[in-house]
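These are my notes for a colleague who is starting to read protein models. Please keep the structure open beside the text and look up each residue as it is mentioned.

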Amino acid sequence: MTKKQAKNTDQTKLIKPSMLSAACIVPPKSVWDQIQRIRSEHDKSYNRWMPHINLLYPFVPPNCFEDAVKTLESDLTFKQLRPFNVIMQNIQYKDDAKYLNVFPQEVEQTSTTIIKVQSTLQKCFPHCSHTGGSIFSPHLTLGQFEKEEISFHSRSIQEEWIPIEFLVTEIHFLSRKSTSDPFQITKVIKLPS
């Protein structure tokens, strides 16, 4: 890495995070049907977000994505990451919450790669946050419900849910023009293999 590249990546770490961007895992479109059928009825963010697992949101502004890619790809921990399989089979919600989620579990139960991916991003972009300081819990949101109804909907959706399995091979940088616009995949960063 040249001195100029190092300076640019260091500057990326100091830029104020933007609500117009996110770093995510986006499942392949081949597994979207079931997710989108539920989200279209129950998720208020259906039109703004594609199915996704947030890693960092807000993230660096979209005009800094090139430098962010360089920062990430030069990180020694990132260079050690490998593609990994996840299965989404458990519909859950946290007590006292209105969000119904499906949680990705790694097929290789001894692995915590998704946590390593997020912590690597957090280390590279410490000014960005995944949840404002709470412990990272990877999930894909299916919808929002009134607290008194969420238990019923959780059981109902779980009964019909067909587990989804896919290989995570890349990280996606998403962007949008304004907070009312839908997110689009702007950059795709392959996990080392």
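1. Phe173 lies in strand 7, residues 170–175, where helices (H or I, at least four residues) and strands (E, at least two) are DSSP runs numbered from the N terminus. At 0% relative accessibility, Phe173 counts as buried; buried means under 20% relative accessible area, exposed over 50%, and partly exposed in between, with a 1.4 Å probe and protein chains only. Leaving aside residues up to four places away in sequence, Phe173 touches Ala22, Ala23, Phe59, Phe65, Ala68, Val69, Leu72, Gln184, Ile185, Thr186, Lys187 and Ile189, a contact being heavy atoms within 4.5 Å. Between Phe173 and Gln184 there are 8.5 Å in space, C-alpha to C-alpha, and the two are 11 residues apart in sequence.

2. Before going further, please note that this is a predicted model, in which local features need pLDDT of at least 70 and side-chain atom pairs count only at pLDDT 80 or more, while totals for chains, interfaces and linings use all residues. Residues are numbered from 1 along each chain as its sequence is written, and side-chain values use heavy atoms, with hydrogens and water left out.

3. Lys187, one of the residues that Phe173 touches, lies in strand 8, residues 184–190. Its relative accessible area is 24%, so Lys187 is partly exposed. Apart from residues up to four places away in sequence, Lys187 touches Phe65, Glu66, Val69, Ile171, His172 and Phe173. Lys187 and Val69 are 118 residues apart in sequence, yet their C-alpha atoms are 8.4 Å apart in space.

4. Which residues of helix 3 are buried? In this helix, residues 65–74, they are Phe65, Ala68, Val69, Thr71 and Leu72. They lie on the same side of helix 3 because they cover an arc of only 160° around the axis, the arc being that of the directions from the helix axis to the C-beta atoms. Behind this lies a general rule: an α-helix has 3.6 residues a turn, so residues three or four places apart point the same way. Phe65, Ala68, Val69 and Leu72 are also among the residues that Phe173 touches.

5. The loop between strand 2 and helix 3 holds Tyr57 and also Pro58, and these two residues are joined by a cis peptide bond with omega at about 0°. Tyr57 has a relative accessible area of 19% and is therefore buried. Tyr57 and Cys24, 33 residues apart in sequence, are 8.4 Å apart in space from C-alpha to C-alpha.

6. In helix 6 the buried residues are Ile150, His153, Ser154 and Ile157. Because they cover an arc of only 105° around the axis, they are on the same side of helix 6. Phe152 and Glu159, on the other side of helix 6, are exposed. The buried residues of helix 6 pack against helix 2, strand 3 (84–92), strand 4 and strand 5. Helix 2, for its part, has Trp32, Gln34, Ile35, Gln36, Ile38 and Arg39 as its buried residues, and these pack against strand 5, helix 6 and strand 6 (164–168).

7. How much space lies in the largest pocket? The volume is about 630 Å³, and of the 28 residues that line this pocket, Asn54, Tyr99, Asn101, His139 and Thr141 are the closest to its centre. On a 1 Å grid over the protein atoms alone, a pocket is an open set of points where a 1.4 Å probe fits, with protein on both sides within 12 Å along at least five of seven lines, and lining residues have an atom within 4 Å of a point. Strand 2 (53–56), strand 4 (99–106) and strand 5 (140–144) each give at least two residues to the lining of the largest pocket.

8. The second largest pocket has about 260 Å³ of space. Its lining takes at least two residues from each of helix 2 (32–42) and helix 6 (150–160), and includes Gln34, Ile38, His153 and Ile157.

9. As for the whole, the protein has six helices and eight strands, and 46% of its 193 residues count as buried. Of the contacts with a separation of 6 or more, 75% are between residues 24 or more positions apart.

Terms used. Points joined across faces, edges and corners; volume = space filled by probe spheres on them.
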